[in-house]
Amino acid sequence: MDGLLRLGIGPFQVFDFTSSTVPTRRFHGQEGDFELKVCFAKQGDLVFEIMQPVAGRSLMSEWLDERNNKEGVQHLAFDCKNIPMSERKREMKARGFEPAMEGVWKGRKGTCTFCFFDTEESVGTVVESIDFSDDWEDPEHEWYPAAPTDQSA
């Protein structure tokens, strides 16, 4: 995160993805046990995300293992507003891409459904699709390095 902060990106909201905040988790078609630190920095319409594996098997832990813990860009995420996640999954399956890791994150209100597709061999990175419910409100979180002074962030 500090490298991105030096580039002027941040501050970051820091969330815990655990069994209580992401009760529905799947990894390669099986029930998942991954736990992650997930950090977001908003810059206008663009959101930067950092994910740190904490426990269990995840795409992020596999990616770091394959690269001897060298950090970098592991995935790109897209919010395809107004297209139901079931339709997104159907379209990606028709193109030959299966879900590799997915879950439902609980907000203070609403949910965010996320699905990482197994696209790395084809496009060089993983593609994630995210879908926030219309009533979404961020759950409890911390800020790094500190909360913004402009509360519109």
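Helices (H or I, at least four residues) and strands (E, at least two) are taken as DSSP runs, numbered from the N terminus. The model described here is predicted.

The largest pocket has a volume of about 1600 Å³. Of the 48 residues in its lining, Cys39, Phe48, Glu49, Ile50 and His75 are the closest to the pocket centre. The largest share, eight residues, comes from β5. Sorted by class, the lining of the largest pocket comprises 27 nonpolar, nine polar and twelve charged residues.

Strand β5 also takes part in an open sheet of four strands, arranged in the order β5-β4-β1-β10 with antiparallel pairing. Strands β5 and β10 form the edges of this sheet, each pairing on one side only. From one strand to the next, the twist averages 30 degrees. The antiparallel pair β4 and β5 is joined by nine bridges, and leucine 36 stands opposite proline 53 of β5.

The cysteines were examined for disulfides, for which two sulfur atoms must lie within 2.5 Å. The count comes to zero. For cysteine 39, the closest cysteine sulfur is that of cysteine 112, at 15 Å, and a bond is therefore ruled out because the separation is too far. Cysteine 80 is likewise in no disulfide, with the sulfur of cysteine 115, its nearest, 11 Å away. As to accessibility, cysteine 39 has a relative accessible area of 5% and so counts as buried, the limit for that class being under 20%. Cysteine 80, with a relative accessible area of 29%, is partly exposed. Cysteine 39 is thus both a buried residue and one of the residues closest to the centre of the largest pocket.

Toward the other end of the numbering, alanine 146 is located in the segment that follows β10 (142-144). Its relative accessibility is 44%, so alanine 146 is classed as partly exposed. Between alanine 146 and alanine 94 the separation is 52 residues in sequence and 44 Å in space, taken from C-alpha to C-alpha.

How values were computed. Residues are numbered from 1 along each chain as its sequence is written. This is a predicted model: local features need pLDDT of at least 70, side-chain atom pairs count only at pLDDT 80 or more; totals for chains, interfaces and linings use all residues. Side-chain values use heavy atoms; hydrogens and water are left out. Buried means under 20% relative accessible area, exposed over 50%, partly exposed in between (1.4 Å probe, protein chains only). On a 1 Å grid over the protein atoms alone, a cavity is a set of points where a 1.4 Å probe fits but cannot get out, and a pocket is an open set with protein on both sides within 12 Å along at least five of seven lines; lining residues have an atom within 4 Å of a point. Grid points are joined across faces, edges and corners, and a volume is the space filled by probe spheres set on the points. Ala, Val, Leu, Ile, Met, Phe, Trp, Tyr, Cys and Pro count as nonpolar, Asp, Glu, Lys and Arg as charged, and the others, Gly among them, as polar. Two strands pair if DSSP finds at least two bridges between them. Axes are lines fitted to C-alpha atoms, for helices over the stretch in contact, and angles run from 0 to 180 degrees between N-to-C directions.
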